[in-house]
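Reader: I would be grateful for a close account of one part of this model, with the cut-offs behind each term stated. Please set that part in the context of its surroundings.

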Amino acid sequence: PLLEAWEESGGVWQPDVFHRLREEGLLERAVIARIPYRTSRLVIEHWGKKRDLFGPDWIRRAPGLDIEAQPYPRLAAWVAAGMRESIANDEPWLEAVQVQIRTTTGRVRRRRYDRLLLPWSSPDGDAFATTINIPRTRN
């Protein structure tokens, strides 16, 4: 449904994209980031509640921070690079992902999911990227 919305809009960000994500039940699994016009910053606009790898405090603090400010620098750089590449190429991107991190308590957390990246442009010159994680079932 979201890829269809992206195609229908020609990749132009509209306020209804946010609402459509919510209606489709995807907002909780989404990260929305924006490159403000004439800057190179990739600023987090929304961090979904089910993107809880870093805990609930991060979900509250993330909006307004640069995407590279995520707690795990290697993972942050990878996420930022994917979003920036999707925006630069103006193409959707779907990939299978396996992530493993060690928390500060020493606990290992693993996630397997498909990641859909969508680039968006806006009439005011800002660029947006949405990334949605779709959990994979274990085989």
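Author: Contact here means heavy atoms within 4.5 Å. The model is a predicted one, in which local features need pLDDT of at least 70 and side-chain atom pairs count only at pLDDT 80 or more, while totals for chains, interfaces and linings use all residues. Residues are numbered from 1 along each chain as its sequence is written, and side-chain values use heavy atoms, with hydrogens and water left out.

Leaving aside neighbours within four places in sequence, Ser86 is in contact with Glu91, Trp93, Leu117, Leu118 and Pro119. Ser86 belongs to helix α4, residues 73-89; helices (H or I, at least four residues) and strands (E, at least two) are DSSP runs, numbered from the N terminus. With 1% relative accessibility, Ser86 counts as buried, a term that means under 20% relative accessible area, as against exposed at over 50% and partly exposed in between (1.4 Å probe, protein chains only). A polar atom of the Ser86 side chain lies 3.0 Å from the backbone oxygen of Glu91.

Leu117, one of the residues in contact with Ser86, is located in strand β4. Leu117 is likewise counted as buried, at 0% relative accessibility. Not counting residues up to four places away in sequence, Leu117 touches Gly82, Met83, Ser86, Glu91, Pro92, Trp93, Thr130 and Thr131. The C-alpha atoms of Leu117 and Asp90 are separated by 10 Å, and these two residues stand 27 residues apart along the chain.

Two strands pair if DSSP finds at least two bridges between them. Strand β3 (residues 93-102) and strand β4 (residues 108-121) pair in the antiparallel sense over 10 bridges, and Arg115 in β4 is the bridge partner of Glu95. The hairpin of β3 and β4 has 5 residues between the strands, and there Gly106 takes a positive phi near 95°. Strands β4 and β5 also pair in the antiparallel sense, over 9 bridges; Phe128 in β5 is the bridge partner of Trp120.

These strands belong to an open sheet of 5 strands, in the order β2-β1-β5-β4-β3, with antiparallel pairing. Because β2 and β3 stand at the edges, each with a single partner strand, one side of each is left without a neighbour in the sheet. On average, neighbouring strands of this sheet are turned by 30° against each other, direction ignored; axes are lines fitted to C-alpha atoms, for helices over the stretch in contact, and angles run from 0 to 180 degrees between N-to-C directions.

A nonpolar core is a set of buried Ala, Val, Leu, Ile, Met, Phe, Trp, Tyr and Cys residues joined through side-chain atoms within 4.5 Å. The largest such core has 24 residues, of which Leu42, Trp47, Phe54, Ile67, Met83 and Val99 touch the most other members. The elements giving two or more residues to this core include α4, β3 and β4, and α4 gives the most, with 5 residues. A second, separate core of 13 residues includes Trp13, Leu21, Leu27 and Leu116. Val99 touches Leu53, Leu75, Arg109, Arg110, Arg111 and Tyr113, again not counting residues up to four places away in sequence.

How values were computed. A polar contact is a pair of N or O atoms within 3.5 Å; within protein, one must be able to donate a hydrogen and the other to accept it, and residues adjacent in sequence count only if both atoms are side-chain atoms.
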